[in-house]
Amino acid sequence: LSDKEEGKRKKSKSKVDCCGFPLSIFFIVVNEFCERFSYYGMKAVLVLYFRYFLQWDDDLATTIYHTFVALCYLTPILGAIVADSWLGKFKTIVYLSVVYTIGQAILAVSAIHDITDLDHNGKPDSMAFHVALSMVGLSLIALGTGGIKPCVSAFGGDQFEDQQEKQRSTFFSIFYISINAGSLLSTLITPILRAQECGINSQQKCYPLAFGVPAVLMAVALVVFIMGSNMYTKAAPKGNIMLEVCRCIGFAIKNRFQHRSKRYPKREHWMDWANEKYDKLLIAQVKIVLKVLFLYIPLPMFWALFDQQGSRWTLQATTMDGNFGAFKVEPDQMQIVNPLLILAMVPLVDSVVYPLTKKCGLNFTPLRRMTVGMFMAGLAFIAAALLQIQIDKTLPTFPSASQSQVKFLNLENSVLPVTVDGATYSIQPFQACQTLSFPSVPIQMEAPGRFSGRDTVCWNLSSGSRLVNGFEAEVNITAGSKDLGFIPQFGFSNYTQLPEGTSTFLISNRMGQICEYSQSLGFGSSYTLLIPGDFSFGPECAKTIRPIEDIKPNTVHMAWQIPQYFLMTTGEVVFSVTGLEFSYSQAPSNMKSVLQAGWLLTVAVGNIIVLIVAEAGQLPDQWAEYVLFASLLICVCVIFSIMAYFYTYIDPMEIEAQFAEGGPQDKEEKSKNLSMTDVIPASEDKKSEVKQSRI
């Protein structure tokens, strides 16, 4: 290297190699594994945190989830500019990792319900505090994970010398494996942590642990990365090509606008209006990039469907049965199907499917593969819609925004007729009537004899389990680790979320007598346990308790989600992997990062599309929304196939070589061209020159 080039590149004093690989890459690979574990682990349980801890409805939970994902894919552009223009990759990774770690820690703290649970009932008393804290944490996480995304892999590539191309290729394979390994393990582990119960004053689903472990892993990632500092090869900032491309495009637009008069002849390409200031090689490269970016326009629709695996599909799984016999699968654990299938299908597609299509004489070009991938994602949502229709048949009818639902429970040992708005219902002793729906207005009720809240208990239908005490004295109820407290005669507890399986309820009085009752609780089921008036403590006490099923257990098995995951993963393999390969092969040598930023931008826009549809669509049925997304993607797929048909594949290196042979443009000619353009129209010679530079 020349002295000038040597000054741009800082090398470690003692670079250590291991089996031909720089030892520094060990720290980078471990860092990436821990960071991906942190991100995917947090993301796996995020939508359920919104839904069940912050108590948001499905649409709001989906909206905020996809807003967060969109931010995670917008900030890489900022990270790349900061790294290339000012701080360099190493400092950018360190500084933003600190921000990342703080964000994860804040999110974990926001999930501790005991902070504001002053009445110890298991629910935060100041939900606004938890919402604000979680939004701050997620904003910092989005800045951190997005900012370091374009830097880590490129920084790993910087550790190799020019003659270590084979080792560099191996490193990127190991790097990709570390990403999938982190994703796979975190998607498996964090839902298990979430399903545990923890708390100081009351036991609830352990979101602090589910977010806390990823926060610890992110801190480990930061420490490991810093530990290798003395071994790294650190390239100094050398200017950002994305900014240069934007300036070139901006100048071309400005120059064209300033010379829009008819006396100025048209040029072959609108980017040719930058000839007066920028090298023709740069302009030619920008034309290549714009040609590929034009093909990116339909791609966000694919990501709009793909990223709903972590939102809509996870919420769909909460209405299904996750009992697989030997083990139980949490709703957010079903996302593990995607990385498992990826690890199996990537080598299968590369070594079997593509060679087979080639032998069959099929010209399966990259753009055709991407078209097939988009079509497969559309089929995945058709499968999700068909599954949702079957699920809806098993779900109870919940009230609309203008309705209320009530149940009447007879605590008398005789049949009780109740008249509501002219309709009479006969309620059997110690039983409940069916769920009744009424407009959200006062209703008229009549019952014979005494009628009060003590004799007839009325509540809004909800999900969970509760106890109603018809016994002559107050009783204390505990369910596992949860203490429901003392329930007076004719009183009832709040609905309490309990884990699936058999729950044991301990009923005791102030005399120290205890009755043990067991109830099997299926996924999604809700029960009212009635302690009747003839209840008495003793060996047979459990037989007198009356379980009333408010909501039936989920009967559609989670395994039915596997077909839609298979279709989506197949689409991802032939779309995403091929898209990255296509972008790399069609990008100029110094603008591959520009197309990478454009690719990540399509992911962000795709998540924004979900926000628009979720908020503006307001479809009454979830299956209809799935069909809408599938229809939109298939329409976009047709448009993309037409665009791909007219696309001409190029070799950027060949075009760059043609300009290199001609040598750099003379600065005096540029200055002359700039001044002449402001005075007279371009000459015929200039027209010919512009035409020759056209791509």
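View 1. Two elements, helix 13 (366-394) and helix 16 (622-645), each give two or more residues to the patch. Helices (H or I, at least four residues) and strands (E, at least two) are DSSP runs, numbered from the N terminus. Residues are numbered from 1 along each chain as its sequence is written, and side-chain values use heavy atoms, with hydrogens and water left out. Because this is a predicted model, local features need pLDDT of at least 70 and side-chain atom pairs count only at pLDDT 80 or more, while totals for chains, interfaces and linings use all residues.

**View 2. I382 has its place in helix 13**. I382 counts as partly exposed because its relative accessibility is 32%, given that buried means under 20% relative accessible area, exposed over 50%, and partly exposed in between (1.4 Å probe, protein chains only).

**View 3. D651 lies in the loop between helix 16 and helix 17 (652-662)**. With a relative accessible area of 39%, D651 is partly exposed. Although D651 and I288 are 363 residues apart along the chain, their C-alpha atoms are separated by 9.8 Å.

**View 4. Three strands form an open sheet in the order 13-18-19, with mixed pairing**. Its edge strands, each of which pairs on one side only, are strand 13 (465-469) and strand 19 (546-551). Two strands pair if DSSP finds at least two bridges between them, and strand 13 pairs with strand 18 (residues 526-531) in the parallel sense over five bridges. Within this region, V468 stands opposite L530 in strand 18.

**View 5. An open sheet of four strands has the order 15-14-16-17, with antiparallel pairing**. Strand 15 (482-487) and strand 17 (514-521) are the edge strands, each pairing on one side only. Strand 14 (residues 475-479) and strand 15 run antiparallel and are joined by five bridges, and the bridge partner of N476 is F486 in strand 15.
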